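The report below goes from the overall chain to the contact between the copies, and then to local details of strands and loops. Please read it with the sequence and the model side by side.

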2 protein chains.
Amino acid sequence: MKTIITNATIITVNSQNEVIHNGALGFTDQVLTYIGPTPTEPELAGYDEVIDGTNKWIMPGLVNTHGHVGMSLLRGFADDLPLQQWLEDKMWPMEAQFTAEHVKWGTSLSIIEMIRTGTTTFVDMYDHMGEVAKLVADTGIRGSLCRGMIGFGTEEQRQQKLAEATAFVREWNNQADGRITTMMAPHAPYTCSPEFIAQIVEKSAELQVPMHIHMSETRFEVEQNVRDYGVRPVAHLENIGVFARPTLVAHAVHLTDEEIEILAKYDVKVSHNVVSNLKLASGVARVPEMLAKGVSVSLGTDSSASNNNLNLFEELKLAATIHKGVTYNPIAVPAEEALRMATIYGADCVFQANQIGSLEIGKQADFIMLDANQAHFHPANNPISHIVYAANGRDVTDTVVAGKFLMRDRQLQTIDEERAIHEADRLFQQLSY
Amino acid sequence: MKTIITNATIITVNSQNEVIHNGALGFTDQVLTYIGPTPTEPELAGYDEVIDGTNKWIMPGLVNTHGHVGMSLLRGFADDLPLQQWLEDKMWPMEAQFTAEHVKWGTSLSIIEMIRTGTTTFVDMYDHMGEVAKLVADTGIRGSLCRGMIGFGTEEQRQQKLAEATAFVREWNNQADGRITTMMAPHAPYTCSPEFIAQIVEKSAELQVPMHIHMSETRFEVEQNVRDYGVRPVAHLENIGVFARPTLVAHAVHLTDEEIEILAKYDVKVSHNVVSNLKLASGVARVPEMLAKGVSVSLGTDSSASNNNLNLFEELKLAATIHKGVTYNPIAVPAEEALRMATIYGADCVFQANQIGSLEIGKQADFIMLDANQAHFHPANNPISHIVYAANGRDVTDTVVAGKFLMRDRQLQTIDEERAIHEADRLFQQLSY
């Protein structure tokens, strides 16, 4: 199937951040085959479908590099609390009641929202991951998934989790035409012993998949790490051997200069969860310093329980503005760099920069279309500025993954929103709190 | 004309932040006449129109307490620059070319965006204000408007501006059924001499309208004030007598404890422009401290040139999250307080808290309706949390001011978006830069 979208503005996010006006984007099945000026009528004859993209901006789909999508079932359940209290008194007692069914419908809410707001790839660290993988397979979105392992409890419980995580990788890695990839994920240095993390590292090497872990989200956690292990979390994870594996860390809010150097040295990838870090009063990560040292920094929403949505356009704008404000540097994280964080750096953080994250021939046809014919996108001036500073996820009209429309003209194609709303409400009301 | 909307969730923002489930909101012409449970069928017979509000949240329209709506014509023209350079090298040379026509179509873009994203009242400080007033009158939105006066140039030019500002107040104050109010607005302490500001204060007393002024937006400006006048801006404006008048200051980013005390003492109103302050690298205002001292703090977008949109839901969420993050206090600005900043405190900041800002019988029927039947608003749990943390302006389906629908089922009723886009693009392209 050869498809082409014509007469659109193409924001490529290639190495030159090229923008093509009156452009066209062609794809054959899953793969991008044409990016350039709109072809002539005779040239268009070779396509099976020609879609008029007048007044549309086409850009790479966003990559959300950290979250817990099942937790959308807890949206709005507990706000305005410190992270440890929020986790221990609110989230964990509710999550203890979760079955596969809760994760299924929480994840359904999340996938719907991500498709609607232009995310085409997401990272998920949670439990009952088979449900998440099945939904990724069925809805057509792309996911880098891992069974998160909290190391509390008995040795038997830990080994059970490790066995589940291992089985999940074996069952799902590179499934659904490669849309599903997997990682191995100890929850955090403060919830997993060094020995348990080391076991997981070993398994990740054996399975040949990357590592994903929360790190240095709060000051409290960093202080506790120093108390418990004598070193800050970065040195701690380095010592355990985590960074010898390809690794994506979430948060990385509290870092010293030396810790940034270590992350750069090992090419550790970072998911910047700016909204969640503000809402949970964790702080503001040192993103300009990380970028300056060459660390690959991407954007994550974290869960709907600490955000409280999965609209990555919010992170995109905030990544471009907050670091200016808190460092008094008006060129900290320019618009183009924020856009790269949301797209190509996100692809790099899920170790797929050769497949997704920019619109270039040979890559997967993962892209979104925005309605440019709206007052807040005019004067028609600078599309990258408008996408970063003026847009919102709700400007997305079409979401395409691997050449398949998951949303077309704002209509979801692969998932039933009414059903998901109904089931999520029903399950939430049955929880005890 | 008696209208009632039934079966909705009413977020009143009254003194108890009451939320009414399965509620109804009735209004006769411009005024709210019923807020309570959905009446029985016989009781509904007394209404001329009964609108089914199933799956809708109804809340007060948002109040945007600082902006320059004509500047939407410069959206995306200059980003990622320090405030003084952005103003002096980019904004002012472009604005010097502005005619009434530029302001008319820039303002049109802005009013369209505000109606679409749920703002029912806005403050505007700009030039060619007759154009803005005419558009407010014609489109049905509510505006608190002032001719901004930059004191550079000759004495003749300053007196010309003061005469224009005075004439504008005389012509437009309390026009359009009271939807238009006016203020007197010296631009800032760093652009107006104390003598000029004093003249404007005197005129504001004579005309019996409030004062509006930028204050303490950047560290640079505070330092300059100390250099030039020996005191920081708050003492400076106090000394000139500004605060003897009802006053709304915009920004107030850089304040000492003593300055916050002075603002509280005079009941000076503050417009917190959190997105603009981040984007221009100005800093983060001390909002929790101001609120703790009883200062009335509301939300403003500033202009589309420094934001770059007028979607006040972004300021609402950021007001509720950023102060938590930068002060490490997870209860700084709870959701309910942020919602009050966007509504009833906004009404107070434009000196109309007895008329707008909450849904209470006798107040103006200024309200918005949101589509609650969307995945990101579920589980159906806590509407205030969802409005503050999960919503976006594009969730607004209906915008009503003084009982008149300006948008209904997402269709604009009083202004032509296609025309505004066309004219704004045309005018922008003709500017020299």
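Helices (H or I, at least four residues) and strands (E, at least two) are DSSP runs, numbered from the N terminus.

## Basis of the model

This is a predicted model, in which local features need pLDDT of at least 70 and side-chain atom pairs count only at pLDDT 80 or more, while totals for chains, interfaces and linings use all residues. Residues are numbered from 1 along each chain as its sequence is written, and chains are lettered from A and ligands numbered from 1 in the order in which they are written.

The model has an ipTM of 0.97 and a pTM of 0.98.

## Overall form of chain A

Chain A contains 16 helices and 18 strands, and its C-alpha atoms occupy a box of roughly 70 × 45 × 40 Å along the principal axes. The radius of gyration, taken over C-alpha atoms, is 21 Å for chain A, which agrees with the value near 22 Å that a compact globule of 433 residues would have; the globule rule behind that comparison is 2.2 Å times the number of residues to the power 0.38.

A residue is called buried if 20 or more other C-beta atoms lie within 10 Å of its own, exposed if 12 or fewer, and partly exposed in between, with C-beta atoms placed from the backbone. On this scale 62% of the 433 residues of chain A are buried. Two residues are in contact if their C-beta atoms, placed from the backbone, lie within 7 Å; of the contacts in chain A between residues at least 6 apart in sequence, 74% link residues at least 24 apart.

Across the interface, 55 residues of chain A are in contact with 55 residues of chain B. Helix 3 (100-116), helix 10 (274-279), helix 12 (312-327), helix 15 (383-390) and helix 16 (417-430) of chain A each contribute at least two residues to the side of chain A that touches chain B, and helix 16 of chain A gives the most, with six residues. That side comprises 27 nonpolar, 19 polar and nine charged residues, where Ala, Val, Leu, Ile, Met, Phe, Trp, Tyr, Cys and Pro count as nonpolar, Asp, Glu, Lys and Arg as charged, and the others, Gly among them, as polar. Because 100% of the interface residues of chain A are also interface residues in chain B, the copies meet through the same surface.

Two strands pair if DSSP finds at least two bridges between them. Strand 1 (residues 2-11) of chain B pairs with strand 2 (residues 19-28) of chain B in the antiparallel sense over seven bridges, and I11(B) stands opposite V19(B) in strand 2 of chain B.

Strand 2 of chain B also runs antiparallel to strand 3 (residues 31-37) of chain B, to which six bridges join it; here G23(B) has P37(B) in strand 3 of chain B as its bridge partner. These two strands form a hairpin with two residues between them, and D29(B) in the turn has a positive phi of about 55°.

## Loop geometry in chain A

D29(A), in the loop between strand 2 (19-28) and strand 3 (31-37) of chain A, is a residue other than glycine with a positive phi, near 55°, and it counts as partly exposed with 13 C-beta neighbours inside 10 Å. F351(A), in the loop between helix 14 (344-349) and strand 15 of chain A, likewise has a positive phi, near 60°, and is partly exposed with 17 C-beta neighbours inside 10 Å.

The peptide bond from N307(A) to N308(A) is cis, with omega near 10°, and N308(A) belongs to the loop between strand 14 (297-299) and helix 12 of chain A. The bond from H378(A) to P379(A) is cis as well, with omega near 0°, and P379(A) sits in the loop between strand 15 (367-371) and helix 15 of chain A.

## The surroundings of H66(B)

H66(B) lies in the loop between strand 6 (62-64) and helix 2 (83-95) of chain B and is buried, with 26 other C-beta atoms within 10 Å. Apart from neighbours within four places in sequence, H66(B) is in contact with V123(B), A250(B), S271(B), N273(B), G300(B) and D302(B). V123(B) is 57 residues from H66(B) in sequence, yet their C-alpha atoms are 5.1 Å apart in space.
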